[in-house]
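Here are a few notes to read alongside the model. Keep the 3D view open and follow them point by point.

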Amino acid sequence: MTLDTAQLNQQRMPFDDDAELWLFGYGSLIWKAEFPYLERHPAYIHHWARRFWQGSHDHRGTPASPGRVVTLINEPGATCQGMAYRINASTLHALDIREKNGYLRELITLHFADGSHAEGLIYLATEENAAFLGAAPLDAVVEQIATAYGPSGSNRDYLRHLATALEELGAEDAHVFTLAAHVRSRDKSDSLISSEQSPCH
Ligand code: SIN
């Protein structure tokens with residue numbers, strides 16, 4: 001059972017369509033910016049850590065076999081690097097639908113590399129939402145991400161694109177990089193087993 005948060009977001013935090021605002025992306029919104037924006041800059045937020053703790057029933061998995069995507073967990077002292085976009089509020093209509101599987105808009109302070117800061121929005125999936133999965137043993141998370149597939153593609157591609165985007169940003173994220181390394185090594189051992197099993201020609 002999942003909760004569609006699209007309508008909820010429009011009711012709880014309405015904006016005039018022509019208002020301009022900052023949006024901070026920390027997951028697919030870093031590398032899949034398929035929405036109009038006026039400018040974008042690498043940015044970071046304090047006291048939040050990125051975690052693959054949110055279930056994906058609509059993009060990278062299905063209701064029967066959900067994938068795992070990122071949300072933010074409050075962690076004093078942590079820094080989460082991502083991408084800030086200056087958008088027109090009208091863009092939120094499409095983003096609310098994209099992020100409908102449990103994410104709520106929240107206001108947050110974004111920090112930029114030049115030392116400036118601004119208020120902006122994030123899409124946050126808290127543990128109260130119906131699709132929240134939370135922590136699980138590393139092997140189980142790797143298996144879930146390596147095998148889940150949904151309407152937007154494979155869960156492993158979501159992880160791979162995110163890891164690449166974070167590398168390009170020069171971001172530190174042991175959680176994401178560890179998962180990406182484990183999915184890669186699982187693939188290598190799988191292909192080793194299948195090449196050992198295939199008959200010689
Ligand atoms: C985000 O990218 O900021 C939210 C989570 C996601 O869409 O992956």
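1. First, a term: a residue is buried if its relative accessible area is under 20%, exposed if over 50%, and partly exposed in between (1.4 Å probe, protein chains only). At 2% relative accessibility, S56 counts as buried.

2. A word on the source: this is a predicted model, where local features need pLDDT of at least 70, side-chain atom pairs count only at pLDDT 80 or more, and totals for chains, interfaces and linings use all residues. Residues are numbered from 1 along each chain as its sequence is written, and side-chain values use heavy atoms, with hydrogens and water left out.

3. Now the ligand. Which residues surround the ligand? They are G25, Y26, G27, S28, L29, V70, E99, Y103 and Y158, with a heavy atom within 4 Å being what counts as near. By class, five are nonpolar, three polar and one charged; Tyr, Leu and Val count as nonpolar, Glu as charged, and Gly as polar.

4. One is 2.9 Å from a polar backbone atom of Y26, and one is 2.8 Å from a polar backbone atom of S28. For E99, an N or O atom of the side chain is 2.9 Å from a ligand oxygen. The protein covers 97% of the 250 Å² of accessible area that the ligand has on its own (Shrake-Rupley method, 1.4 Å probe).

Definitions and conventions:
Polar contact = N/O pair within 3.5 Å; in protein donor to acceptor, adjacent residues only side chain to side chain.
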